[in-house]
Structures are given as C-alpha cells and as structure tokens.
Amino acid sequence: GAVGNAIYKKFEDNGYNIYPVNPNAEMIEGDKCFPNLKSIPEKVNAVFIATNPNASVDVVKQCIENGVKTIWFHRSMGNGSFSEEAAKLGEENGLSVIRSGCPMMFISKVDPFHKMLRFFMNLFGKLK
C-alpha cells in the first residue's frame with residue numbers, strides 16, 4: 001500500500017528490470033526483496049529512493065559504494081523521500097541527482113492524476 005509499491009508495480013508493468021530493496025522485507029509485490037544494493041546480482045545504474053528522508057543518506061552512501069550513476073528522490077506534494085544532505089552527498093560524489101517528482105508522471109501510460117501533477121509541478125518550477 002506504500003507509494004514505493006505502486007511505483008514498483010508501474011515500472012514492472014512497463015517492462016523495466018527492477019529490484020526491490022528493503023532491509024525489513026523478504027518479498028515486495030510477490031518478488032524477492034534485497035536487503036541492500038550490494039546484494040543485488042546485477043550492476044545497478046539508477047536508484048529510485050522511496051523511503052523515509054532520514055534513511056536517504058544511507059541509501060545514497062550505498063549508491064556511491066556500488067557505482068550507481070543516477071538517483072531520483074520521490075517528492076511531489078510534500079518532502080517525500082528528499083533529503084538535502086543526501087542530495088548534496090550524491091552530487092559531491094558525481095551522481096546525477098533528480099531532486100523531485102514521481103516517475104509515475106513520466107512513465108508510459110501516465111494516468112490523468114499524474115499527468116496533471118506533472119503539468120502543475122512544471123508550471124510552478126517544482127521539477128528539478
């Protein structure tokens with residue numbers, strides 16, 4: 001029921017090769033969940049962060065250690081998963097950092113709500 005689960009399903013439904021990571025879960029949406037990035041059997045190029053902002057710095061540290069190139073913080077109406085400290089850490093270490101937005105606004109077959117949300121966030125300069 002969490003926002004991360006809905007985004008996970010949307011990516012999966014659109015054919016992306018994705019891996020759920022959560023140290024507190026064995027399965028997410030019926031798929032094996034990994035406790036950390038290092039335990040994923042393939043190299044990961046990008047990470048979408050949909051966690052409590054207090055955990056975002058640790059996620060970014062894992063990204064740096066594992067050669068991830070791009071991170072995207074879930075953030076739309078509120079603060080979401082965004083942490084300024086985590087974003088700066090990523091940028092200082094050469095990661096491409098997407099500071100806000102929900103991928104459900106950009107993935108194919110976008111629903112009307114996310115299409116409208118993208119329009120207004122763009123209009124008011126909230127997509128960075």
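How many bridges join strand 4 to strand 5, and which way do the two run? Please go on from there to what surrounds them.

Reply: Three bridges join strand 4 (residues 70-73) to strand 5, and the two run parallel. First, the ground rules. This is a predicted model, where local features need pLDDT of at least 70 and side-chain atom pairs count only at pLDDT 80 or more, while totals for chains, interfaces and linings use all residues. Residues are numbered from 1 along each chain as its sequence is written, and side-chain values use heavy atoms, with hydrogens and water left out.

Strands (E, at least two residues) and helices (H or I, at least four) are DSSP runs, numbered from the N terminus. Two strands pair if DSSP finds at least two bridges between them.

Three strands form an open sheet in the order 3-4-5, with parallel pairing. Its edge strands are strand 3 (46-49) and strand 5 (96-98), each pairing on one side only. On average, neighbouring strands are turned by 15° against each other, direction ignored. Within the sheet, Thr70 stands opposite Ser96 in strand 5.

Helix 2 (residues 53-65) packs on the sheet and touches strand 3 and strand 4. The direction of helix 2 makes about 175° with that of strand 3. Axes here are lines fitted to C-alpha atoms, for helices over the stretch in contact; angles run from 0 to 180 degrees between N-to-C directions. Contact means heavy atoms within 4.5 Å.

Next, the core. A nonpolar core is a set of buried Ala, Val, Leu, Ile, Met, Phe, Trp, Tyr and Cys residues joined through side-chain atoms within 4.5 Å. Buried means under 20% relative accessible area, exposed over 50%, partly exposed in between (1.4 Å probe, protein chains only). The largest nonpolar core has 17 residues. Val47, Cys63, Val68, Ile71 and Phe73 have the most contacts inside it. Strand 3, helix 2, strand 4 and helix 3 (84-92) are the elements that give two or more residues to this core. Helix 2 gives the most, with three residues. Leaving aside neighbours within four places in sequence, Cys63 is in contact with Leu37, Val47, Val68, Ile71 and Leu95.

Last, Phe48, which sits in strand 3. Phe48 counts as partly exposed because its relative accessibility is 24%. Not counting residues up to four places away in sequence, Phe48 touches Ile7, Trp72, Phe73, His74, Gly101 and Pro103.
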